[in-house]
Amino acid sequence: MVSHEELGLLQRFDADGRLALSLYLDVSSPERRATVLHRVRDKLRAATSGAQNGGDDPLAPLSEDLEMLRLYFQTSAGRQARYVAVFTCASQLFWRVYSLDEPLNELVHVGRHFELAPLVRALREKETAGELDLEPDLLLQR
């Protein structure tokens, strides 16, 4: 899942005035995999609909991130995963994908920091079940 070091890195990440994209995706079936990019774009458009400036495309600042996501799902790793958490900030050359054991509610979040609440909840559940041993401060929310 996610190492101590990786979780700490995600928690400390700051997009420095740019946009960081957090995605929790269900790609567990051929149908869900085939529509993943459409679902992400639709959720991003819905989330940014109030922030549109004139006729500007609200997804333009995330175009490189979306292209990396498209490329990822064309790789063998992207075709094998059933549930994934993706954290990307192309302008900072940051890209992480974690294959998840259990499904999480699909979530698309754009902000200065990554949205880690679903991942932290999943890690807490694994720790409670005795499947994982993390340092307590790594499971703190921002």
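## Overview

Two strands count as paired if DSSP finds at least two bridges between them. Strands β1 and β2 meet that condition, with 6 bridges joining them. They run antiparallel. The model described here is a predicted one.

The protein has 6 helices and 4 strands. From the N terminus on, its elements run α-β-α-α-α-α-β-β-β-α. The protein has 142 residues, and buried residues make up 42% of them.

The 4 strands form an open sheet. Their order is β3-β2-β1-β4, and the pairing is antiparallel. β3 and β4 stand at the edges, and each has a single partner strand, so one side of each lacks a neighbour in the sheet. From one strand to the next, the twist averages 10°.

Helices pack on this sheet too. α1 touches β2 and β3, and its direction makes about 130° with that of β3. α3 lies across β1 and β4. Its run is at about 130° to β1.

Is strand β2 buried or exposed? Of its 7 residues, 83-89, 7 are buried, so the strand is largely enclosed by the rest of the structure. Its side chains split into two sets. Tyr83, Ala85, Phe87 and Cys89 point one way, while Val84, Val86 and Thr88 point the other way. Both sets are buried.

On one flank is β1, residues 20-26. There, Asp26 stands opposite Tyr83. β3, residues 94-100, is joined to β2 by 7 bridges and runs antiparallel to it. Tyr83 also stands opposite Leu100 in β3. Val86 has Val97 as its bridge partner in that strand. β2 and β3 form a hairpin, with 4 residues between them. In the turn, Leu93 has a positive phi of about 55°.

Nonpolar side chains tend to be buried together in soluble globular proteins. The largest nonpolar core here holds 19 residues. Leu10, Phe87, Phe114, Leu116 and Leu119 have the most contacts inside it. Which elements give two or more residues to this core? They are α1, β1, β2, β3 and α6. β2 gives the most, with 4 residues.

## Helix α1

α1 covers residues 4-12. Its buried residues are Leu7, Gly8, Leu10 and Gln11. They sit on the same side of α1, because they cover an arc of only 160° around the axis. Glu5 and Arg12, on the other side, are exposed. The buried residues of α1 pack against β2, β3 and α6.

An α-helix has 3.6 residues a turn, so residues three or four places apart point the same way.

## Helix α3

α3 spans residues 36-48, 13 residues in total. From its first C-alpha to its last, the helix reaches 18 Å. That is close to the 18 Å expected at 1.5 Å a residue.

Which residues of α3 are buried? They are Val36, Leu37, Arg39, Val40, Leu44 and Thr48. The buried residues of α3 pack against β1, α2, α4 and β4.

## Val110 on strand β4

Val110 lies in β4. Its relative accessible area is 25%. Buried means under 20% and exposed means over 50%, so Val110 is partly exposed.

What is Val110 in contact with, leaving aside its neighbours within four places in sequence? Its contacts are Leu19, Ala20, Leu21, Leu44 and Leu62. Of these, Leu44 is one of the buried residues of α3. Leu62 is 48 residues from Val110 along the chain, yet their C-alpha atoms are separated by 9.3 Å.

Technical notes:
Residues numbered from 1 in each chain as written. Predicted model: local features only at pLDDT ≥ 70, side-chain atom pairs only at ≥ 80, totals over all residues. Heavy atoms only, no water. Buried < 20%, exposed > 50% of the residue type's maximum accessible area, 1.4 Å probe, protein only. Core = buried A, V, L, I, M, F, W, Y, C linked by side-chain atoms within 4.5 Å. Expected span 1.5 Å × (residues − 1). Contact = heavy atoms within 4.5 Å. Arc of directions from axis to C-beta. Axes fitted to C-alpha atoms, helices over the stretch in contact; angles between N-to-C directions.
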